[in-house]
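Dear colleague,

Please find below the structure that I am handing over to you. A summary of the findings follows it.

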Amino acid sequence: MNEKNASTEKLWGGRFTENISSTLKKLNSSIEIDKRMYFEDIKGSIAYSESLYDAKILTLEEYKSITEGLKKVQFEWDNNEFEIKVDDEDIHTANERRLTELIGSTARKLHVGRSRNDQTTTDTKMWLRKSIDSISTIMIDMIQMLAMRSEKEIEILMPGYTHLQRAQPVRWSHWLLSHTWSLKNDVDKLHQLRQNLNISPLGSGALAGNPLGIDRTKLALKLEFDSATSNSMHAVGDRDYVAEFLFWASLTSIHLSKIAEDVIIYSSEEFKFIKLSDSFSTGSSLMPQKRNPDSMELIRGKTGTILGKCFGFMATLKGTPSTYNKDLQEDKEALFSTFDILMEMLKVANEALKTLKVNANKCRDSLNYNMLATDIAYYLVRKGIPFRDAHHIVGRIVSTAENKGIAIQNLTLQQLQLFSSAFDTDVNNIWNFENSVEQYKTEGSTCLSAVREQIKTLRNWLKKKNEYVK
């Protein structure tokens, strides 16, 4: 067969007598999406050619020719010199077509015992493994930055909220760390996901396995997998790792969205706790005074897009029978676009949080003594009153103060004793926000020592994760 025919012949076309419909050809083609896996596809092909050589399917000369040819193909991709042809359905077809043009018919021996079914999922796992490492790096940087901010700004007090209502005084650092722990848990889950997916499907063929005696374990290790899959039918149809990543990305983006929502609220004129850098804000085309937190709104909005990618692919999986079906080609669009969006979200979130300014005075001024109502209940508990009774007493005190138009801290001892004889002169010690925060001394609380312990724990975790990234 001459090179011209070899370059245009379909990998699967032998039994067909009619050309594929032009409309189906367009729908079927995935090259513009999966071409970003060119490196993984070539790396997998080089490793597979070595396995064929070990199994005496290729001669040494053929193995060297294929390897050198594939490196030339990679060079073309690396330097934007690779020319995609009209009949290149996907990255596998394109690379094999170009290899055939470079080295001739020897290239046609490469695909023996291998199917695009095991090839594509191998490429995808290798690509995702690399991409997980990129995500991990930026998230670890973000966590480190938040831990450093938490230590530097540990003295700042602010209102803590539930139901968006002022609840209890907390440290600003405690709020920062509340989001940091979500991100830390996300990284732990991501590393577990990476470990789970790092099992090689290559050598599973179309669905039945490989008849050529290749060493799948050796092949897996050569491609930096931990092991080879145990069932060939499962291997070619499995996209759980894609679904798991999409769910992980959805949950992580939700955590970013929660941070963004808090920043949007706290940076508003009504709060003024924080101020976003000009670099991460925009203005209004009509209202000159406006300063909009668009960076955070985009993070919040793109979270919905990522959720949609996850839901859409899960619906695709739900309708497929076992082994490989062409529906699974949809995995890469969802996977690649989710990765791209999430990386941009993480970069913006990292830089925006690093450069925002906190208004310590405004945070402190927003504390009010009604937030110490729980402290009054704790005071009564320490005097021997059951908490439910103490809670009821304090509720009546708050209600009475509101009705009389008196600030709760200005109620006299005599007025307080009308509600309970347990009140004494030491009740005045309650009206101190620092004391309020410092009473919470248990692990994970908002007192100074507990917050410092959180930072210490994160730093120890970061040391291990930085070693992992390296």
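To begin with the contacts of the protein (heavy atoms within 4.5 Å): among those between residues at least 6 apart in sequence, 77% join residues at least 24 apart. Please note that this is a predicted model, in which local features need pLDDT of at least 70 and side-chain atom pairs count only at pLDDT 80 or more, while totals for chains, interfaces and linings use all residues. Residues are numbered from 1 along each chain as its sequence is written, and side-chain values use heavy atoms, with hydrogens and water left out.

Overall form

The protein contains 19 helices and six strands; helices (H or I, at least four residues) and strands (E, at least two) are DSSP runs, numbered from the N terminus. Its radius of gyration is 31 Å, well over the 23 Å that the globule rule gives for 470 residues, so the protein is more spread out than a compact globule. The radius is taken over C-alpha atoms, and the rule is 2.2 Å times the number of residues to the power 0.38. Along the principal axes, the C-alpha trace spans about 105 × 55 × 40 Å.

Of the 470 residues, 50% are buried, where buried means under 20% relative accessible area, exposed over 50%, and partly exposed in between (1.4 Å probe, protein chains only). The protein exposes about 23500 Å², of which carbon and sulfur atoms supply 51%; these areas come from the Shrake-Rupley method with a 1.4 Å probe, and for residues only the protein chains shown count as cover.

As to charge, there are 62 positive and 62 negative side chains, and the centres of the two sets lie 3 Å apart. Lys and Arg count as positive and Asp and Glu as negative, with His and the chain ends not counted; each charge is placed at NZ of Lys, CZ of Arg, CG of Asp or CD of Glu.

Aromatic pairs

The whole structure holds 18 aromatic pairs. Rings of Phe, Tyr and Trp (its six-membered ring) pair if their centres lie within 6.5 Å; planes under 30 degrees apart count as stacked, over 60 as edge-to-face and the rest as tilted. One of the pairs is formed by tyrosine 38 and tryptophan 77, which are stacked at 5.2 Å centre to centre with 15 degrees between the planes. Tyrosine 38 lies in helix α4 (residues 38-54) and tryptophan 77 in helix α5, so the pair ties together parts that are 39 residues apart in sequence. Both tyrosine 38 and tryptophan 77 are buried.

Tyrosine 161 and tyrosine 266 form a tilted pair, 6.1 Å centre to centre and with 40 degrees between the planes. Since tyrosine 161 belongs to strand β1 (residues 157-162) and tyrosine 266 to helix α11 (residues 240-266), this pair ties together parts that are 105 residues apart in sequence. Tyrosine 266 is buried, at 6% relative accessibility. Ring pairs also link Tyr161, Trp172, Trp175, Tyr266, Phe271 and Phe273 into a cluster.

Leucine 176 is found in helix α8 (residues 172-197) and is buried, at 5% relative accessibility. Leaving aside residues up to four places away in sequence, leucine 176 touches Leu146, Arg149, Ser150 and Glu153.

With residues up to four places away in sequence not counted, it touches Lys125, Leu128, Arg129, Ile132, Phe225 and Tyr241.

In helix α15 (residues 373-382), the buried residues are Ala373, Asp375, Ile376, Ala377, Tyr379 and Leu380. They pack against α16 (387-404) and α18 (433-438). Just after α15, glycine 384 takes a positive phi of about 100 degrees.

Serine 445 is in the loop between α18 and α19 (448-469) and counts as buried at 11% relative accessibility. Among its contacts, not counting residues up to four places away in sequence, are His174 and Gln454.

Backbone points

Asparagine 80 has a positive phi of about 55 degrees although it is not a glycine. This residue sits in the loop between α5 (60-78) and α6 (91-103) and is exposed, with a relative accessible area of 74%. Glutamate 224, likewise not a glycine, has a positive phi of about 70 degrees; it lies in the loop between α9 (216-222) and β4 (227-228).

With kind regards
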